Amino acid sequence: KEYFEDALLIFIMPPSIEVLKQRLIQRNTESEIDLRKRFERMEMELSYKDKFDYIVVNDELKRAQNEVLQIVNKEISENRLKWK
């Protein structure tokens with residue numbers, strides 16, 4: 001928001017750190033070294049969630065997608081978010 005004060009910030013949060021770790025491991029898209037780096041950063045990244053306008057817990061993908069869509073639609077309808 002420092003550079004784009006009108007930006008809508010939505011933090012997509014895992015249901016728990018353990019679930020996030022399991023998801024990352026099951027994806028099998030990162031090396032062990034990269035996974036370790038991600039795990040080390042998790043707490044720090046989660047500590048920033050309060051700086052966002054909204055927090056959406058990604059416990060069920062379809063529900064989380066719908067919640068994000070509802071947030072965006074609400075912000076547009078209340079003229080707080082404009083498409084440029």
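## The largest pocket

The largest pocket of this predicted model holds about 320 Å³ of space. Here a pocket is an open set of points on a 1 Å grid over the protein atoms alone, where a 1.4 Å probe fits, with protein on both sides within 12 Å along at least five of seven lines; its volume is the space filled by probe spheres set on the points. The lining comprises 13 residues, and those closest to the centre are I12, M13, P14, L20 and R38. Lining residues have an atom within 4 Å of a point.

Two or more lining residues come from each of β1 (10-13), α1 (17-27) and α2 (32-47). These elements are DSSP runs, with helices (H or I) of at least four residues and strands (E) of at least two.

## Salt bridges

Four salt bridges are found in the whole structure, each a side-chain nitrogen of Lys or Arg within 4 Å of a carboxyl oxygen of Asp or Glu. R38 pairs in this way with E30, at 3.2 Å between the closest N and O atoms. R38 is partly exposed at 32% relative accessibility (between 20% and 50%, with a 1.4 Å probe and protein chains only).

R63 forms a salt bridge with D59 at 2.7 Å, N to O, and another joins R63 to E67 at 2.6 Å. E67 and R63 both lie in helix α3 (residues 61-77), four residues apart.

## Basis of the values

Residues are numbered from 1 along each chain as its sequence is written, and side-chain values use heavy atoms, without hydrogens and water. In this predicted model, local features need pLDDT of at least 70 and side-chain atom pairs count only at pLDDT 80 or more, while totals for chains, interfaces and linings use all residues.
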